[in-house]
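Keep the model open as you read.

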Amino acid sequence: MTPPWDRLERAQLNTCEPDLEGWISHPAETISALAYLVVAGILCFKYSRRDHLLPVRVLPAIVSCIGAVSLLFHASFRAVFQRLDLGVIPLLTGYLLAATLVHREHVAKSQLKSLAVIFAVLGAAAPQLHIGLGFALVVTQALAVLWLWRGTLTGEAQLDARRAKWLLVCGAVLLGFDHAGIGCLDEGMEHLVQPHAVWHLLSATSIYYLYRTERHIERRWS
């Protein structure tokens, strides 16, 4: 059976994994994207009851959306889903940036939701204009969060933020290598593991620590 996206335009930005015909174009990248859904499930299981009064409780649902869209994109490897894949990430980075501005008292807590929505909408629109613009906005939001966290975290929050940062840095390096065609594996390994697949694992794990960092801070809110 021909997949429904067969006639859609192929994704613009290549990865190390070569295309396969059929329903799953990039098996390694598709399977590794399940890590986001696993992390979302872990966060729900561990923290949903304890954090039900905190704004951060929305993050597992956001991470689930990121995982679902990532699965769709890497299975199809079509341009429309690549833009959608990049467009849902600002739901996460936009929330974290808005919350961090609240933590630093640059904006009022009452503005958290509206500011997060603005950041998410801008992030969703950017890749529709140009895929490079989408990447640039996501990276900018993430770097802004990490920069604003500097010198403001202590104890467990600081430790979790450091873990998240290094997982993201290492993953981002691999992601850059992958899109540049550096470090690609072949000779029977091309659909088992690639730098992009490892990026999924590292970035999904970093989200776990990003959540923990944010909840540490929000639990101190009066």
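## The second largest pocket

H5 (112–129) gives the largest share of the lining of the second largest pocket, with five residues. H4 (79–103) and H5 each put in at least two. Helices here are DSSP runs of H or I, at least four residues long, numbered from the N terminus. The volume comes to about 290 Å³, and of the 13 lining residues, Pro55, Val58, Tyr95, Lys113 and Ala116 sit closest to the centre. By class, that lining splits into nine nonpolar, one polar and three charged. For the classes, Ala, Val, Leu, Ile, Met, Phe, Trp, Tyr, Cys and Pro count as nonpolar, Asp, Glu, Lys and Arg as charged, and the others, Gly among them, as polar.

A word on ground rules: this is a predicted model, where local features need pLDDT of at least 70 and side-chain atom pairs count only at pLDDT 80 or more, while totals for chains, interfaces and linings use all residues. Residues are numbered from 1 along each chain as its sequence is written, and side-chain values use heavy atoms, with hydrogens and water left out.

## The largest pocket

The largest pocket holds about 1100 Å³ of space. It has 44 lining residues, and closest to its centre are Ala142, Leu146, Leu168, Val169 and Trp199. A pocket is an open set of points on a 1 Å grid over the protein atoms alone, where a 1.4 Å probe fits, with protein on both sides within 12 Å along at least five of seven lines; lining residues have an atom within 4 Å of a point. Grid points are joined across faces, edges and corners, and the volume is the space filled by probe spheres set on them.

Which helix gives the most to this lining? That's H6, with eleven residues. H3, H4, H6, H7 and H8 each supply at least two. The class count is 28 nonpolar, twelve polar and four charged.

Buried means under 20% relative accessible area, exposed over 50%, and partly exposed in between (1.4 Å probe, protein chains only).

Leaving aside neighbours within four places in sequence, Tyr36 is in contact (heavy atoms within 4.5 Å) with several residues, among them Val63, Trp199 and Ile207.

## Two loop residues with positive phi

Most residues other than glycine have a negative phi. Phe77, in the loop between H3 and H4, has a phi near 55°. Glu105, in the loop between H4 and H5, has a phi near 65°. Buried or exposed: which is Phe77? Phe77 is buried, at 0% relative accessibility, whereas Glu105 is exposed at 71%.

H8 has 24 residues and reaches 34 Å from its first C-alpha to its last, close to the 34 Å expected (1.5 Å times one less than the number of residues). Of those 24 residues, 20 are buried, so H8 is largely enclosed by the rest of the structure.

Ser114 belongs to H5 and is partly exposed, at 41% relative accessibility. Ser114 and Tyr95 are 19 residues apart in sequence and 9.8 Å apart in space, C-alpha to C-alpha.
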